[in-house]
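Please bring up the model on the screen, and I will talk through it one chain at a time.

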Amino acid sequence: MPRKALDRQIDKIRRDILEMSELVSDAVLKAITALENNDKKMANEVIIGDELIDNYYTHIKKRVIQTIALHQPVAKDLRFISISLDVAYNLERIGDYARDIAESLDYMNKGYFVLDEISEMGRISSQMSGDAADVFVNENRENIDEILKKEDRVDELYKSVFPTLKNIIEKKYEKYPDALNLILIAKFLERIADHSVNIANRAMYEMSGEEEYL
Amino acid sequence: MGMDDKNKIMVRKLNLWYTDNHVLKDVDLDIKENKVTALIGPSGCGKTTFIRALNRMNDLIEGVRVTGEVFLDGRNIYDKDVDVVSLRKRVGMVFQKPNPFPMSIFDNVAYGPRIHGIGDKKKLREIVKESLVNAALWDEVKDRLNMNALDLSGGQQQRLCIARTLAVKPEVILFDEPCSALDPIATGKIEDLIHELKKQYTIVIVTHNMQQAARVSDYTGYFLLGEMIEFGKTKQIFENPKKKLTEDYITGRFG
């Protein structure tokens, strides 16, 4: 039965997205933990692990194209399959940001500092990426409000980071390279939260067939 | 293109029985002018009966009873004083199996115009050429118009039947699974042709091939057990059907 064959492909795509999202969420958490503890080994795991995330993305793209070519999905099937590309793309971007954060350890001075706000942003944005993928994979609408709340919190923290770092640069000039790095890291984390909201948005479209922006 | 496209045919509360068998149930549908409307649904859902009701082909079947109204340009075709022959001239039909008459290509196309009283040879030649050109068959047969139509390939025969329909200058063309007996190349030609024809004609096509409905039509209606389940723009039906029954059918979950 062609329908069964299509269901199998959809299940495989769903599983790939789920696995990819676990890797990505884990990479963000590891990157921020490595930063907090100046753990180069863990940072390196994130950097090496990004390749696997990229491979998932390539693999999902291939499967999506193949499924469209062989099964001509329509309606919700088509939405799921095409939106899975969007979701995988956003996850891949998050993976890149996790890698960027892990790489920034190389540019930090000895005895560098990390703001609590940035730690919190890291934890929240890691959860958000997992939650957003869950909205898509399991059609879990209940997560959406939580994701939006978390995004607000990340934005709030992001904004609060600037005056703090400005203050540090002004008062302790020798810390300015670390502060600059932290500004970049805060930006990466803000982007991660934003990509997670993108995923939730696309998942909403997949479920309803209507574009409604969060 | 919007739902406010002009209605060529308006069907209201159409019911049809074959003796005791209630085949069409309260069907309401607007067929838009110069658009392609595709009707899909499983075998026996009433879609062919429905298009046959649009030019009263079902009148020929014994035991048929029809209630409701079918307005063609605002006039109910089931009114007592409607001339069925001129109705069928305005609303032509192309069938599932190509059915050329056992006569020459030329005579096949000239058949309708002759019946409708055109005897002038020059005029007939013009009509035959124009119809064959518009049916995208002229280039393939122009040097052998006297050849027996039955010697054409299946795809050519079907385009000949379309030319024959065009020759009487209809306003609406009903296609009843026009490609089900054709290979993909011949099917592609008919689909391209339908796309061209809608500039001049209003087209209704019944098809079992969902991808074909998606490719050729502007509007799609889904029939099930004699009822019109959902009607909408083809894009909407295939991207985001409103009814679960429609979704189940087009995604192959039906049954």
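This is a predicted model: local features need pLDDT of at least 70, side-chain atom pairs count only at pLDDT 80 or more; totals for chains, interfaces and linings use all residues.

Residues are numbered from 1 along each chain as its sequence is written, while chains are lettered from A and ligands numbered from 1 in the order in which they are written.

Chain A has six helices and zero strands, where helices are DSSP runs of H or I with at least four residues, strands are runs of E with at least two, and both are numbered from the N terminus. Its radius of gyration is 19 Å, close to the 17 Å that the globule rule gives for 214 residues, so chain A is as compact as a globular protein of that length; the radius is taken over C-alpha atoms, and the rule is 2.2 Å times the number of residues to the power 0.38. Along the principal axes, the C-alpha trace of chain A spans about 70 × 35 × 20 Å. Of its 214 residues, 43% count as buried, and here buried stands for 20 or more other C-beta atoms within 10 Å of the residue's own, exposed for 12 or fewer, and partly exposed for what lies in between, with C-beta atoms placed from the backbone. If we take the contacts in chain A between residues at least 6 apart in sequence, 81% of them join residues at least 24 apart, a contact being a pair of residues whose C-beta atoms, placed from the backbone, lie within 7 Å.

Now to the helix packing. Two packed helices are described by the angle between their axes and the distance between the axes. Helix α4 (residues 116-138) and helix α6 (residues 176-208) of chain A pack at about 20 degrees with their axes 9 Å apart; axes are lines fitted to C-alpha atoms, for helices over the stretch in contact, and angles run from 0 to 180 degrees between N-to-C directions. The pair α4(A) and α6(A) is therefore roughly parallel, given that angles under 35 degrees count as roughly parallel, over 145 as roughly antiparallel, 65 to 115 as roughly perpendicular and the rest as oblique. The residues of this contact between α4(A) and α6(A) divide into 16 nonpolar, four polar and two charged, where Ala, Val, Leu, Ile, Met, Phe, Trp, Tyr, Cys and Pro count as nonpolar, Asp, Glu, Lys and Arg as charged, and the others, Gly among them, as polar.

How are α3(A) and α6(A) oriented to each other, roughly parallel or roughly antiparallel? They pack at about 170 degrees, again with axes 9 Å apart, and are therefore roughly antiparallel. Among the residues that meet are Arg79(A), Asp86(A) and Tyr97(A) in α3(A), and Arg191(A), His195(A) and Glu206(A) in α6(A). By class, the contact of α3(A) with α6(A) has 11 nonpolar, three polar and seven charged residues.

Where the two chains touch, eight residues of chain A are in contact with 10 residues of chain B. On the chain A side, α1 (2-37) and α3 (75-103) each supply at least two residues, and α3(A) gives the most, with three. That side of chain A comprises three nonpolar, two polar and three charged residues.

Turning to chain B, its secondary structure comes to 10 helices and 10 strands. Its radius of gyration of 18 Å agrees with the value near 18 Å for a compact globule of 255 residues, and buried residues make up 44% of the chain.

Met228(B), in strand β10 (residues 227-233), counts as buried, with 23 C-beta neighbours inside 10 Å. Beyond its neighbours within four places in sequence, Met228(B) contacts Val27(B), Asp28(B), Leu29(B), Gly221(B) and Phe223(B).

I would also point to two backbone angles in chain B. Most residues other than glycine have a negative phi, and most peptide bonds are trans. Ala136(B), however, has a positive phi of about 55 degrees, and sits in the loop between α4 (121-134) and α5 (138-141) of chain B. Leu225(B), in the loop between β9 (219-224) and β10, has a positive phi near 50 degrees and, with 14 C-beta neighbours inside 10 Å, counts as partly exposed.
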